[in-house]
Amino acid sequence: MKIFLIGFMGSGKSYWGRQLSEKLMLPFFDLDKQVESNEGKSINQIFEEKGEENFRLLEKDALHMITESHESFIIATGGGTPCYFNNIDYMNNAGITVWINTPVEILFQRLLKEKSSRPLIKELSDDQLKGFILKKYADRKIYYEQSSITIEEENKTIEKIVEKLFHE
Ligand code: S3P
């Protein structure tokens, strides 16, 4: 079973990924962490030194590496992963994609506190951050919507997520 969690930055992919991994007893991978360990650099450093375009290539390579070298896993992808190359089709063909959909207001409150580790938002003022989230979320929705399963805010309990995974 290959489960790919997708969704905007701050949507809770890593949190729910860990919860699911415990519940289903499957190994958990965090795609950003995998890219960082492959490169020996932080995501911020990779963006600064190599640029976003290069990061997207590294991200795709790490996604393929994990997917092709493990039979079963849960992976928390990066917020942009499904939106580049054919990554969303690739993930849908390899397994189940789960969109952790989180209201923009909640994303905003979380990302206000977690800006510094994320190169796309770390330089933005609080006001700019809100505008950025609104626009980026609207741009990316068409990719997230291609997921096999969507988890909305009101259904975010481990029991409900597992039920959706096995009954849809
Ligand atoms: C990004 C999201 C980040 C990370 C990078 C770019 C994005 O991952 O991959 O900073 O394009 O939305 P998280 O969604 O885990 O923050």
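Biologist: Which residues does Asp-30 touch, not counting residues up to four places away in sequence?

Modeller: Asp-30 touches Ser-14 and Ala-76, where contact means heavy atoms within 4.5 Å. This is a predicted model: local features need pLDDT of at least 70, side-chain atom pairs count only at pLDDT 80 or more, and totals for chains, interfaces and linings use all residues. Numbering starts from 1 along each chain as its sequence is written, and side-chain values use heavy atoms, with hydrogens and water left out.

Biologist: Is Asp-30 buried or exposed?

Modeller: Asp-30 counts as buried because its relative accessibility is 14% (buried is under 20%, exposed over 50%, partly exposed in between, with a 1.4 Å probe and protein chains only). Asp-30 lies in strand E2 (helices, H or I of at least four residues, and strands, E of at least two, are DSSP runs numbered from the N terminus). Ile-66 is 36 residues away in sequence and 10.0 Å away in space, C-alpha to C-alpha.

Biologist: Ile-66 belongs to the buried residues of H3. What do these pack against?

Modeller: Their partners are strands E1 (2-6), E2 (28-30) and E3 (73-76), and helices H2 (31-39), H4 (87-94) and H6 (126-144).

Biologist: Where is the kink in H3 centred?

Modeller: The bend at a residue is the angle between axes fitted to the seven residues ending there and the seven starting there. In H3 a kink of about 115° is centred on Lys-50. The end C-alpha atoms of H3 (residues 43-69) span only 23 Å, whereas a straight helix of 27 residues would span 39 Å at 1.5 Å a residue (1.5 Å times one less than the number of residues).
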